[in-house]
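I opened a new structure file today and kept notes as I went. The entries are in the order in which I looked things up.

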Amino acid sequence: MGETSTALITNDAVVMGLLALILGFVFYTSNLKHGFWAKYYKYVPALLMCYFLPSLLNTFGIVDGDGNKVYSVAKYYLLPACLVLLTLSIDLKAVAALGPKAIIMFLTGTVGVVIGGPIALLFTATFMPELLGVEGAGELWRGMAALAGSWIGGGANMVAMKEIYQANGDIFTIMVTVDIVVANIWMAGLLYLAARHKQIDAKSGADTASIDRLIDTVSHFQKKHSRKPELQDLMILVAFGFGATGFAHLIADLAVPFFKSNYPELEKFSLHSKLFWIIFVVTSIGLTLSFTKARQYEAAGASKVGGAFLYILVATIGLHMDIGKVFEAPKYVLIGLIWMAIHVILLFIVAKLIKAPVFYVAVGSKANIGGAASAPVVASAFHPALAPVGVLLAVIGYALGTYAAWFCGQVLQYVAS
C-alpha cells in the first residue's frame, strides 16, 4: 500500500484472533436465556453484532481495516468453501419454484441504482451548485458513474466504469469512501431486517409460501438424515469445501489470462475478474454435488461448517467499516445516502405491489450492491438454505452491471451538463 499503518494492531494473526473472540462472545451471550443479554438480543440481532463490533476496531484505530489480509483470506478462501457447503444440500427444483418475484426485485434494485444517482445529483446540486462546477476528470458525475458500477455488480464493474468515464484518482477515492460507508450502513440495515423478517412479512401480508417450502425441504432432509458428525465427516466436508476452492482458483488462474489475451471485449461480463470465476466454479461444484450422494453430508453438518466460515466473513466485512468516515466527506456521503434511499424506497414500493417478502427485497438489493461477496451472506441471514438464491442473482448482477452502470453514467453526464 506504500503507507505505514498507524493502527495499534498490525499483525494479521492477532486481528484474526480478535475477530474469533468477538464471534465467540456474540454467540455465547446471544444464547443466554436470562439476564441482561437475553433482553439485549431481543432488540439487537446477533448477526448485526458480528458485523458492528469489528467495525469499532477499525473506527477507533485499533485495527486498520484496509491494511490487513484477513478480508482477502475470508473472501478468496472461506467464502468459496462456504458456498460449496451451503449449496451441497440445495434442491434446485425448489429454488426454481420460488417464481419470478426474486428476479423482479433484483431488477427493481438495478433500476433504483440507475435512476437514484441522477436524482441524488439533481437534488443536492440545487442547494450545493458547486458540485457541478469541477471540470475534466474530477467531475463528480464521473466518480458517481464508477460508484454505479460498484452498486450494480461489484468492484470489477466499478474499476471498469472508472476507466470508461476517465474518473481521476481524487474523485474515485472519494466514491470508494462513499461506497464503503453507505453500502455498509445499508448492510447493517439488511441484517436487522433479516432478524425481523417474519414480523415484517406478517404485517405486510407478503406471500412467503415458496420460500417456506424451500426451507422446509432442506429442513426435512436434515432431520431425515441427521446424525452426529464424526471426525471423518468433518474432514470430508473440509475436503469438499477447500478442494473445490483450490480447483476454482486453478480455473480462475487459467481463465483470467486467457480471456484477457484473447477476448478483451468480454471484460464487460466480468470474465476478467478472478472472483467471478471462483464464485462461478464453486457454485457449479456445489450444485453438481447436490445431485449426488454427497448431499447426505448436510446431515453431518455441512451448512453449520459453512455457516461458521460465513460468520468469519461477516466479521471481516465489518472490519472495513469506519463510522468516522461519515464526517470526512459529508456532502458526498449525503449524495450516497440519498441515492441509496431511492434504491431502497423503490424496492419496498414494488415489494408492496407484488406482495414480495422482505427476503426478496434484501437479496435483490445485495445482489446489486455488493455482488457475490455479500449477497449469499444476506441470504443466509434469513436461512442457510437460501444462500444459493443470493449467489445466482449476484451472478446475474455481474453480467448486467456494466451495461446498467454505463447507462447510468450517460444520464449522470446529461444531468451534470
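My notes go from confidence to a pocket, then to the core and a few residues.

**Entry 1: ground rules.** I am working with a predicted model, in which local features need pLDDT of at least 70, side-chain atom pairs count only at pLDDT 80 or more, and totals for chains, interfaces and linings use all residues. Residues are numbered from 1 along each chain as its sequence is written, and side-chain values use heavy atoms, with hydrogens and water left out.

**Entry 2: confidence.** I looked up pLDDT, the predictor's confidence in each residue, from 0 to 100. The protein chain averages 84, and 91% of the residues score at least 70. Helix α5 (residues 92-96) has the lowest confidence, at a mean of 68, and helix α12 (residues 231-262) the highest, at 95. Helices here are DSSP runs (H or I, at least four residues), numbered from the N terminus.

**Entry 3: the second largest pocket.** A pocket is an open set of points on a 1 Å grid over the protein atoms alone, where a 1.4 Å probe fits, with protein on both sides within 12 Å along at least five of seven lines; lining residues have an atom within 4 Å of a point. I noted a volume of about 430 Å³ for the second largest pocket, a volume being the space filled by probe spheres set on the points, which are joined across faces, edges and corners. Its lining has 21 residues, and A46, L47, Y311, S380 and A381 lie nearest the centre. Helix α14 supplies the largest share, 5 residues. By class I found 15 nonpolar, 4 polar and 2 charged residues in this lining. Nonpolar covers Ala, Val, Leu, Ile, Met, Phe, Trp, Tyr, Cys and Pro; charged covers Asp, Glu, Lys and Arg; the others, Gly among them, are polar.

**Entry 4: S380.** I found S380 in helix α17. S380 counts as buried because its relative accessibility is 12%, and buried means under 20% relative accessible area (1.4 Å probe, protein chains only). Leaving aside neighbours within four places in sequence, S380 is in contact (heavy atoms within 4.5 Å) with L86, L310 and A387.

**Entry 5: the largest nonpolar core.** A nonpolar core is a set of buried Ala, Val, Leu, Ile, Met, Phe, Trp, Tyr and Cys residues joined through side-chain atoms within 4.5 Å. The largest one has 135 residues, and Y51, W151, M175, W339 and F359 touch the most other members. Helix α9 gives the most to this core, with 14 residues. Not counting residues up to four places away in sequence, F359 touches I211, A379, F382, L386 and V389.

Note on methods:
Helix = DSSP H or I, 4+ residues; strand = E, 2+ residues; numbered from the N terminus. Buried < 20%, exposed > 50% of the residue type's maximum accessible area, 1.4 Å probe, protein only.
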